[in-house]
Amino acid sequence: MSASQNVVVSETTRSSIITSSNNNSSSSPKPSTAPPGLISISKKKLLKNLDVINGGQRINAWVDSMRASSPTHLKSLPSSIYSQQQLNSWIMHHPSALDMFEQIMEASGGKQIVMFLDYDGTLSPIVDDPDRAFMSSKMRRTVKKLAKCFPTAIVTGRCIDKVYNFVKLAELYYAGSHGMDIKGPSKGVSRQKRLKQSLLYQPASDYLPMIDEVYRKLLETTKSTPGAKVENHKFCASVHFRCVDEKKWSELVQQVRSVLQEYPTLKLTQGRKVFEIRPMIEWDKGKALEFLLESLGLGNSNDVFPVYIGDDRTDEDAFKMLRDRGEGFGILVSKFPKDTDASYSLHDPSQVMDFLRRLVEWKQMQPKM
Ligand SMILES: [Mg+2]
């Protein structure tokens, strides 16, 4: 397999292609999720589009994508780049989960609610230094209460140890490294159940030495780019560029790509101000969600209502999984219209906290069985 086969999927590249291909009648719209004016483009087609961009142009495409997702650009985006009609249409298709709270609870119909929460941008604000993406103590108290009411899992791109240091709640399930490292609660369940549940599932364990090697090479190669931050998430690695000067972005893309050329079994994707490097295996946050439901004995149950809250491209696999299963729903954390398989939206972590609090209050109001 050649290096050019490394899979490239970028949230913002995807968005920009979506916007620029509005007149392309061969694109197939996804009427259930995309508001009018936004046309979905398949991952396959996106890859094809990116494959035809060669050499320098390909680097430029990456840089454009990085520019569109950088925090300063997001902050300075005038709301007028979306027409009022587009905004209204998006909100109509993905209404606020707070506004729709009663209807959501009605839809749950007494089924077992299971909560899945992304961490960065969902429970904690997006910050310049990923090591300082702390969640507030108010949020921690809320999640703690939530876990008393419903089985609750954190599903994140970070490695479990790092996210646990932020969350510090032993009663939760943790699916780290985009779901490639899964652990059950070490508190709040009986000892027997705990032994059964302290499951360790690592579908990408063969990749551990390779990720470690790539991490070291990325550290070495990118050290000449001020502000670049490389992280080792055990089963995946990431390169943050939110603190890298825009003038250095194309250099950084070339550095990252030069390292990955030697690893055709790893894929490179772009999230919010970050490049992510993952094993090219059929495993993602959607698969992790399914695996966790099965571990809870709810895999084949008609009596389960999973709720997944996340803000990034990688959360879409989980949103899609829920849509395909026809169970529960996804909530996208975003202030801006995005093409998504989530059913509802929330603006930011503070709205996420309000929603979780309402869930706890709702549960406490329910008659004890
Ligand atoms: Mg996130």
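Colleague: Why is the crossing of α7 and α14 called left-handed?

Modeller: A crossing is left-handed if the near helix is turned anticlockwise from the far one by less than a right angle, and right-handed if clockwise. α7 passes α14 in the left-handed way, so the near helix is the one turned anticlockwise. This is a predicted model, in which local features need pLDDT of at least 70, side-chain atom pairs count only at pLDDT 80 or more, and totals for chains, interfaces and linings use all residues. Residues are numbered from 1 along each chain as its sequence is written.

Colleague: At what angle do α7 and α14 pack, and how far apart are their axes?

Modeller: The angle is about 35 degrees, and the axes are 9 Å apart. Axes are lines fitted to C-alpha atoms, for helices over the stretch in contact, and angles run from 0 to 180 degrees between N-to-C directions. α7 covers residues 137-149 and α14 residues 349-365. Helices (H or I, at least four residues) and strands (E, at least two) are DSSP runs, numbered from the N terminus.

Colleague: Which residues of α7 and α14 make the contact?

Modeller: From α7 come K138, M139, T142, V143, K145, L146 and C149. From α14 come P349, M353, L356, R357, L359, V360 and K363. Contact means C-beta atoms, placed from the backbone, within 7 Å.

Colleague: How do the residues of that contact divide by class?

Modeller: Nine are nonpolar, one is polar and four are charged. Ala, Val, Leu, Ile, Met, Phe, Trp, Tyr, Cys and Pro count as nonpolar, Asp, Glu, Lys and Arg as charged, and the others, Gly among them, as polar. So M139 goes with the nonpolar residues and K138 with the charged ones.

Colleague: What is the handedness of the crossing of α10 and α11?

Modeller: Right-handed. Helix α10 (residues 208-222) and helix α11 (residues 249-260) cross at roughly 150 degrees, and their axes come within 10 Å. Among the residues in this contact are V214 and L218 of α10, and L252 and V256 of α11. By class, five are nonpolar, four polar and one charged.

Colleague: What makes M66 buried?

Modeller: Its count of neighbours. A residue is buried if 20 or more other C-beta atoms lie within 10 Å of its own, exposed if 12 or fewer, and partly exposed in between. M66 has 25 such neighbours, so it counts as buried. M66 sits in helix α3 (residues 55-69). Beyond the neighbours within four places in sequence, M66 is in contact with F241 and W249. S250 is 184 residues away from M66 in sequence, but 9.5 Å away in space, C-alpha to C-alpha.

Colleague: How much of the protein chain counts as buried?

Modeller: 42% of its 369 residues.

Colleague: What makes a set of residues a nonpolar core, and how many residues are in the largest?

Modeller: A core is a set of buried Ala, Val, Leu, Ile, Met, Phe, Trp, Tyr and Cys residues joined through C-beta atoms within 7 Å. The largest has 53 residues. F116, A153 and L289 are among those with the most contacts inside it. A153 touches F116, L172, Y173, Y174, A175 and L292, leaving out residues up to four places away in sequence. Apart from that core lies another of 29 residues, including V230 and F275.

Colleague: Why do β5 and β12 count as edges of the sheet?

Modeller: Two strands pair if DSSP finds at least two bridges between them. β5 (181-183) and β12 (344-346) each have a single partner strand, so one side of each has no neighbour in the sheet. The open sheet has seven strands in the order β5-β4-β3-β2-β10-β11-β12, with mixed pairing.

Colleague: How do you know that β2 and β10 pair?

Modeller: β2 (residues 112-117) and β10 (residues 304-310) share six bridges, in the parallel sense. L117 has I309 of β10 as its bridge partner.

Conventions
Two residues are in contact if their C-beta atoms, placed from the backbone, lie within 7 Å.
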